[in-house]
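Subject: Structure handover

Hello,

Please find the structure below, for your own work. My notes come after it.

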Amino acid sequence: MGKSASKAFSREVLKTHNGYRKNHGVPALKLSSKLCKEAQEYAEALASTRVLKHSPESSRGQCGENLAWASYDQPGKEVSERWYNEIKNYNFNCPGFSSGTGHFTAMVWKNSKKLGIGKAPASDGSSFVVARYFPAGNIMNQGYFEDNVRPPKK
């Protein structure tokens, strides 16, 4: 693994995201070089501290953010699948945010258009992945989850 998320890794994450998004009937995301740069910088910061916590930008709602840590070099498809698998805990009959489904809902949020990916190795061989979404999803306003998190097509 190089210093930054490779183009191949970023494309793999994007392709996996867009496959899931298509299944939910929402538009594909596009990679953003600006978001990739920001996600990469944050992945490197996380790797240097080896603490997994959301960024100030995400906390202020400037972007959506999914984070992943593993004790090994994570493949992009695997990271995306782990996030998406939270769908099993999501109740489409009672839509809304929960800490156990936030990665999934960020991935398929209809109004998000752009994606940035960063990946960085830590000194212990573990890896940190950051996905940034713009506009941010997981907005708590009334009706937003119903409009943006659609059930998968049968």
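This is a predicted model: local features need pLDDT of at least 70, side-chain atom pairs count only at pLDDT 80 or more; totals for chains, interfaces and linings use all residues.

Residues are numbered from 1 along each chain as its sequence is written, and side-chain values use heavy atoms, with hydrogens and water left out.

Helices and strands are DSSP runs numbered from the N terminus (H or I, at least four residues, for a helix; E, at least two, for a strand). The expected span of a helix is 1.5 Å times one less than its number of residues.

Helix α1 (residues 7-23) has 17 residues, and its first and last C-alpha atoms are 24 Å apart, close to the expected 24 Å. Its buried residues (buried means under 20% relative accessible area, exposed over 50%, partly exposed in between, with a 1.4 Å probe and protein chains only) are F9, S10, V13, L14, T16, H17, N18, Y20 and R21. Among the elements that cover them, by contact (heavy atoms within 4.5 Å), are β1, α4 (76-84), α5, β3 and β4. Just after α1 comes G25, with a positive phi of about 70°.

Helix α2 (residues 33-49) also has its 17 residues in agreement with expectation: the span should be 24 Å, and the end C-alpha atoms are 25 Å apart. In α2 the buried residues are L35, C36, A39, Q40, Y42, A43, L46 and A47. Their cover includes β1 (30-31), β2, β3 (114-121) and β4 (127-134).

R50 follows α2 and lies in the loop between α2 and α3. Its phi is positive, about 55°, although R50 is not a glycine. R50 counts as partly exposed because its relative accessible area is 45%.

N138 is another residue other than glycine with a positive phi, near 55°. N138 sits in the loop between β4 and α6 and is buried, with a relative accessible area of 19%. P135 is found in the loop between β4 and α6 (144-148), and the peptide bond from F134 to P135 is cis, with omega near -15°.

N66 belongs to strand β2. At 1% relative accessibility, N66 is buried. Its side chain reaches the backbone oxygen of H103 at 3.1 Å, a polar contact (N or O atoms within 3.5 Å; within protein, one must be able to donate a hydrogen and the other to accept it, and residues adjacent in sequence count only if both atoms are side-chain atoms). Neighbours within four places in sequence aside, N66 is in contact with W83, G102, H103, A106, M107, V129, V130, A131 and Y133.

The largest pocket holds about 340 Å³ of space. A pocket here is an open set of points on a 1 Å grid over the protein atoms alone, where a 1.4 Å probe fits, with protein on both sides within 12 Å along at least five of seven lines; lining residues have an atom within 4 Å of a point. Points are joined across faces, edges and corners, and the volume is the space filled by probe spheres set on them. Of the 16 lining residues, H54, S58, E65, F97 and N138 lie nearest the centre. At least two lining residues come from each of α3 (56-59), β2 (64-70) and α5 (102-108). The lining has four nonpolar, eleven polar and one charged residue, where Ala, Val, Leu, Ile, Met, Phe, Trp, Tyr, Cys and Pro count as nonpolar, Asp, Glu, Lys and Arg as charged, and the others, Gly among them, as polar.

Regards
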